Amino acid sequence: SSSSSSSSSSSSSSSSSSSTSTSYNIRAICCDTTCCSVVALSQDHTPLRPCLLWMDARSAKQAKQIMDVANDVIASSSTNTNADILKAFPELRVNCNGEGPISAEWLLPKAMWIKQHEPEVYETAEIICEYQDYLNYRLTGQMVASGCNVAARWHHDGWDVLEKNHESDDNDDDGNKGRPMKLYEALGMKDLADKLPKRTLAMGDVIGTLTEQAASDLNLSKETLVVQGGPDAFVGMIGLGTIRPGQLCLITGSSHLHCLITKQPTSAPGTWGAYRGAPLAHTCFAEGGQSSTGSLVRWVRDLVSGPGDDKISYKVLDDEAAAIPPGSDGLVALETWQGSRTPHTDPLARGAFAGLTLAHSRAHMFRSILEAVCYGTRACFDALETAASQSSDMPKADEVVIAGGATRSPLWLQLHADITGRSFTINENTDGPLLGCAILASVGAGIHASVDDAVEQMIRKDRKIEPREDVRKVYDRLYNELYLKLRPGVKEVFHAISSCCRLV
């Protein structure tokens, strides 16, 4: 899926006795897409196979192979420490400070899967890229990678890659500057570098103008600028205004993304990043993530609704769940239906209900899922703060700016505050990715001088949700005594299920 937004300025208006209408001159557009949705294209940029979607975990084996290569370095070292991995492959620092594991969602393991399982596709592929790059190609005829994607999901050094782009043609000797070439070589993937887009542009940079076909399809002028966007959640950071060190945001949707702007590219176990050159060219950020959150809530809604199109409304389920006490009368869930991103990266993780009795109802199941997602969010926040604490001058995040589907549920929004023990801020426009696209487009079009200026002009806060102290204390105990013990308690069972049933 993708979303796009336009930066618009009023150009003319007309009026009549019955109505007043305003026309707009569209100056620029910007797109965001799901990241790690990997595309293989032929020489004429025709897709060779269906896109490998972001949540596709078929490359779990390849993700493990990457860390096996890294662990071989430790095995052959006299010091036998994690520092040996970072010395040999510094790009793995973004994966829990080199400890791994690596997410099966990322581009490198997916490219490895294509090479190993569909070698004819891999050999034929002229380009292997993100859906973001393909969409922008269809708009402009230019094949360009997003600086945010390459820094956050391709194991590239974003600063070095963008610096290479701004160097003169006389410096083409190092066309792979910023790319993990030693890691590629160790994995037998050196040829991947030749298949990646040759150019990379930072979010907010102008890619070009619309092709004649795209202009016709969109009913826009061929002079309309197309501005580089990036991953939906990270464009959402811009749309929420979290672009300065110490600012923390939560993007909610099918999955949850937790993003913290840092002063330095510090890393720690249980987090991804911090990435150099993301989300913007001059920034760093660390992240946590949960693969199935809003998608899990929808799954439960559909399950209890039964077959057919007449589904129970979320408000009815929220109202029922609100009548259930904290802890769902002893029913605890794990939200890892589609694997676990952080703080325990595990593509083989699965979901679970623990403590079910005949006394539990659909309201208990629904509330326990809402609680489980919030427990996982707290675990991600805690890991991010641990990583950020390595910088002594790093300001503490005193609020979380939240956007997305969870903001439409007063119950779930309050549970996020109660379980994490943090204040949550909701902006007037809660569609962070869409507003982020508009901000980036406005900068590319020259309407605002910088992203910082655009953020100041285009973002307004609406309200704040505070944790209820008495409820927070209850959830503190439930989180520490139940949720944190459930995860490791079922890990071996999940892995055995995967092996026996070939789920991955």
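Which residue in β15 is the bridge partner of Leu250? In this predicted model, the partner of Leu250 in β15 is Ile402.

## Sheet layout

The sheet is open and has seven strands, in the order β11-β12-β10-β9-β15-β16-β17, with mixed pairing. β11 (272-276) and β17 (461-465) are at the edges, and each has a single partner strand, so one side of each lacks a neighbour in the sheet. From one strand to the next, the twist averages 25°.

Strands of a sheet pair through backbone hydrogen bonds, in either a parallel or an antiparallel sense.

## Strand β9 and its partners

β9 runs parallel to β15, and five bridges join the two. With β10, β9 pairs in the antiparallel sense, also over five bridges. A hairpin of three residues connects β9 to β10. Leu250 has His258 as its bridge partner in β10, and Ile402 as its partner in β15.

Five of the five residues of β9 are buried, so this strand is largely enclosed by the rest of the structure. Both of its faces are covered: Leu248, Leu250 and Thr252 lie on one side, Cys249 and Ile251 on the other, and all are buried.

β16 (residues 424-427) and β17 run antiparallel and are joined by four bridges. Opposite Phe424 stands Ile465 in β17.

## Helix across the sheet

Helix α11 (residues 232-240) lies across β9 (248-252), β10 (256-262), β12 (284-290), β15 (400-404) and β16. The helix runs at about 125° to β9.

Terms used
Residues are numbered from 1 along each chain as its sequence is written. This is a predicted model: local features need pLDDT of at least 70, side-chain atom pairs count only at pLDDT 80 or more; totals for chains, interfaces and linings use all residues. Side-chain values use heavy atoms; hydrogens and water are left out. Two strands pair if DSSP finds at least two bridges between them. Axes are lines fitted to C-alpha atoms, for helices over the stretch in contact, and angles run from 0 to 180 degrees between N-to-C directions. Contact means heavy atoms within 4.5 Å. Buried means under 20% relative accessible area, exposed over 50%, partly exposed in between (1.4 Å probe, protein chains only).
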